[in-house]
Amino acid sequence: EARVTIGIMLATLGAKLVWARHYDGFLTGDDLEIVSGAARYALGLPYRPWSLRCEFHPLVLISPLLEILRIGGRPVDPATVAWVAALPTALASTVSIWLVYRLGPRFGLSLRGSAIAAALYALHGLPLGYGATPYPRLISTMLLLTALRLVLVDPDDDRDRFRPLLGGCLIGIAFAVRFSEGGQLLLGQPERV
């Protein structure tokens with residue numbers, strides 16, 4: 001089952017990378033803001049970010065990749081900037097497939113059931129289609145799944161006492177990347193808010 005899941009991960013990552021290269025334009029202002037913000041930091045694009053937007057995603061996840069291209073002397077045209085901006089999302093949505101597979105047994109699924117859950121996630125329109133765009137939603141999802149994976153440990157195991165702290169840090173980063181995903185996390189557990 002793990003090999004099938006890895007095969008699905010590689011196939012969908014390849015599809016996302018190809019699709020990211022062929023998207024002509026942007027779907028909404030969100031993705032344009034993310035790309036413009038990253039180009040501002042890495043390439044000096046004269047752009048003023050919207051004051052409501054957290055710049056963590058463009059500054060930390062995309063602009064270093066653009067900076068590598070610029071320093072390497074590679075021509076950085078708008079199509080390349082947009083493609084590079086989709087890389088963190090493509091990778092995060094692919095890692096999430098593995099996380100779904102690994103979380104399945106924690107929720108009582110067999111390995112086969114976990115592989116099916118991972119395949120269903122991988123082929124869903126959000127991680128597959130939007131995984132080829134610079135949208136932050138799938139990055140936050142990956143961070144939340146990683147945090148969940150960290151905190152679902154044996155409470156009597158002292159070796160894992162720092163996992164909840166690290167999980168909490170990842171949830172904070174998920175909020176910084178896309179706060180609506182964190183809001184959904186809170187809304188899903190009203191008795192704990």
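This is a predicted model: local features need pLDDT of at least 70, side-chain atom pairs count only at pLDDT 80 or more; totals for chains, interfaces and linings use all residues.
The expected span of a helix is 1.5 Å times one less than its number of residues.

**Whole chain**

Start with everything shown as a cartoon. The protein has nine helices and zero strands, and from the N terminus on the elements run α-α-α-α-α-α-α-α-α. Of the 193 residues, 40% are buried. Among contacts with a separation of 6 or more, 69% join residues 24 or more positions apart.

**Helix H1**

Select residues 2-22, which form helix H1. With 21 residues at 1.5 Å a residue, H1 should span 30 Å, and its end C-alpha atoms are 30 Å apart, which agrees.

Next, show the side chains of Thr5, Ile8, Met9, Thr12, Leu13, Lys16 and Ala20, the buried residues of H1. Turn the view to look down the axis of H1: these buried residues fall within an arc of 135°, so they line one face of the helix. On the other side of H1, pick out Arg3, Val4, Leu10, Ala11 and His22, which are exposed.

What lies over the buried residues of H1? The cover includes helix H4 (78-103), helix H5 (111-123) and helix H6 (125-129).

**H1 against H5**

To see the contact, select Thr5, Ile8 and Thr12 of H1 together with Ala115, Ala118, Ala119, Ala122 and Leu123 of H5. By class, the residues of this contact of H1 with H5 are six nonpolar, two polar and no charged.

**Leucine 111**

Stay with H5 and select leucine 111, which is found in this helix. Is leucine 111 buried or partly exposed? Its relative accessible area is 46%, so leucine 111 is partly exposed. Leaving aside neighbours within four places in sequence, leucine 111 is in contact with Glu1, Tyr101 and Pro105. The C-alpha atoms of leucine 111 and tyrosine 101 are separated by 7.8 Å, and the two residues are ten apart along the chain.

**Aspartate 31**

Move to helix H2 (residues 29-43) and select aspartate 31. Aspartate 31 has 2% relative accessibility and therefore counts as buried. Not counting residues up to four places away in sequence, aspartate 31 touches Phe26, Pro134 and Tyr135. Draw a distance from aspartate 31 to tyrosine 135: their C-alpha atoms are separated by 5.6 Å, although the residues are 104 apart along the chain.

**H7 against H8**

For the last stop, select helix H7 (residues 137-151) and helix H8 (residues 163-177). They pack at an angle of about 170°, with their axes 8 Å apart. Angles over 145 degrees count as roughly antiparallel, which means H7 is roughly antiparallel to H8.

Show the side chains in the contact. H7 contributes Ile139, Ser140, Leu143, Leu144, Thr146, Ala147, Arg149, Leu150 and Val151. H8 contributes Arg163, Pro164, Leu166, Gly167, Leu170, Ile171, Ile173, Ala174 and Val177. Colour them by class: the contact of H7 with H8 has 13 nonpolar, three polar and two charged residues.

Terms used:
Residues are numbered from 1 along each chain as its sequence is written. Side-chain values use heavy atoms; hydrogens and water are left out. Axes are lines fitted to C-alpha atoms, for helices over the stretch in contact, and angles run from 0 to 180 degrees between N-to-C directions. Helices (H or I, at least four residues) and strands (E, at least two) are DSSP runs, numbered from the N terminus. Angles under 35 degrees count as roughly parallel, over 145 as roughly antiparallel, 65 to 115 as roughly perpendicular and the rest as oblique. Contact means heavy atoms within 4.5 Å. Ala, Val, Leu, Ile, Met, Phe, Trp, Tyr, Cys and Pro count as nonpolar, Asp, Glu, Lys and Arg as charged, and the others, Gly among them, as polar. Buried means under 20% relative accessible area, exposed over 50%, partly exposed in between (1.4 Å probe, protein chains only). The arc is that of the directions from the helix axis to the C-beta atoms.
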